[in-house]
Amino acid sequence: MTRAFDPGRPVPAALLDDLVDLASRAPSAGKAQGWHLVVLEGADTARFWDVTLPPKRRSGFAWPGLLDAPVIALPLADPAAYVRRYGEPDKAASGLGRSAAAWPAPYWTVDAAFAVMTLLLAAEERGLGSLFFGVFQGEEELRATLGLPSHLELLGAIALGWPADDGPGRPGLSAGRRRRAPGEIIHRGGW
């Protein structure tokens, strides 16, 4: 994950479109494709940062190079798209078209996360740096500022851009944690 970006290199619109096209090919229950991406580019990214990390809180921010990302994309999941899709004749027998509460797991979140991961991997393959991070401050104000519909679930934010010349930036606070080995994850034949 990249936390420092080259502020002088924008991401070409065609490249971003290609990344989103690849992300749209991620798995999607019933091909509902119930996710959206609000994209802020260039100086417009200040609209995100001014709400989620106001200037008065920036002096102690550990990753100032993150604010140089030329693109901030906000992935949103749409539960209603899945309820509508599973209310259609070919899916109606599932019973999932009644309401979001009928779903055993929120596939709108799962599918949007698949799309985000596909976008992150495609960005890396194209030489871009990227970072997925949570929006822990100012979500309601951000929703109002950007006109985000209230029924859409905000998953977080994606910073995209060309990595700064001095590398990806200081690692995250969790970077030093040990990665679990496959033997700690796999339960063959049962739990």
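Buried means under 20% relative accessible area, exposed means over 50%, and partly exposed is in between, with a 1.4 Å probe and protein chains only. This is a predicted model, where local features need pLDDT of at least 70, side-chain atom pairs count only at pLDDT 80 or more, and totals for chains, interfaces and linings use all residues. Residues are numbered from 1 along each chain as its sequence is written, and side-chain values use heavy atoms, with hydrogens and water left out.

**View A. Asp78 is in a loop between a strand and a helix.** Look for Asp78 between β2 (71-77) and α3 (79-85); helices (H or I, at least four residues) and strands (E, at least two) are DSSP runs, numbered from the N terminus. Asp78 counts as buried because its relative accessibility is 7%. Leaving aside neighbours within four places in sequence, Asp78 is in contact (heavy atoms within 4.5 Å) with Gly34, His36, Arg84, Trp108, His151 and Leu152.

**View B. Phe48 forms aromatic pairs with Trp49 and with Phe133.** Rings of Phe, Tyr and Trp (its six-membered ring) pair if their centres lie within 6.5 Å; planes under 30 degrees apart count as stacked, over 60 as edge-to-face and the rest as tilted. The whole structure holds nine aromatic pairs. Phe48 and Trp49 are edge-to-face, at 4.9 Å centre to centre with 80 degrees between the planes. Phe48 and Phe133 are also edge-to-face, at 6.0 Å and 75 degrees. Phe48 lies in helix α2 (residues 46-52) and Phe133 in strand β3 (residues 129-133), so this pair ties together parts that are 85 residues apart in sequence. Both Phe48 and Phe133 are buried.

**View C. Five aromatic residues form one cluster.** Its members are Tyr82, Tyr86, Trp103, Tyr107 and Trp108.

**View D. Helix α1 crosses helix α4.** The axes of α1 (residues 13-23) and α4 (residues 107-125) come within 8 Å and cross at roughly 135 degrees. That makes α1 oblique to α4: angles under 35 degrees count as roughly parallel, over 145 as roughly antiparallel, 65 to 115 as roughly perpendicular and the rest as oblique. On the α1 side, Leu19, Val20, Leu22 and Ala23 meet Ala115, Thr118, Leu119, Ala122 and Ala123 of α4.

**View E. Arg179 lies in the loop between β5 (157-161) and α6 (182-185).** Arg179 counts as exposed because its relative accessibility is 75%. The C-alpha atoms of Arg179 and Leu160 are separated by 25 Å, and these residues are 19 apart along the chain.

Definitions and conventions: Axes are lines fitted to C-alpha atoms, for helices over the stretch in contact, and angles run from 0 to 180 degrees between N-to-C directions. A crossing is left-handed if the near helix is turned anticlockwise from the far one by less than a right angle, and right-handed if clockwise.
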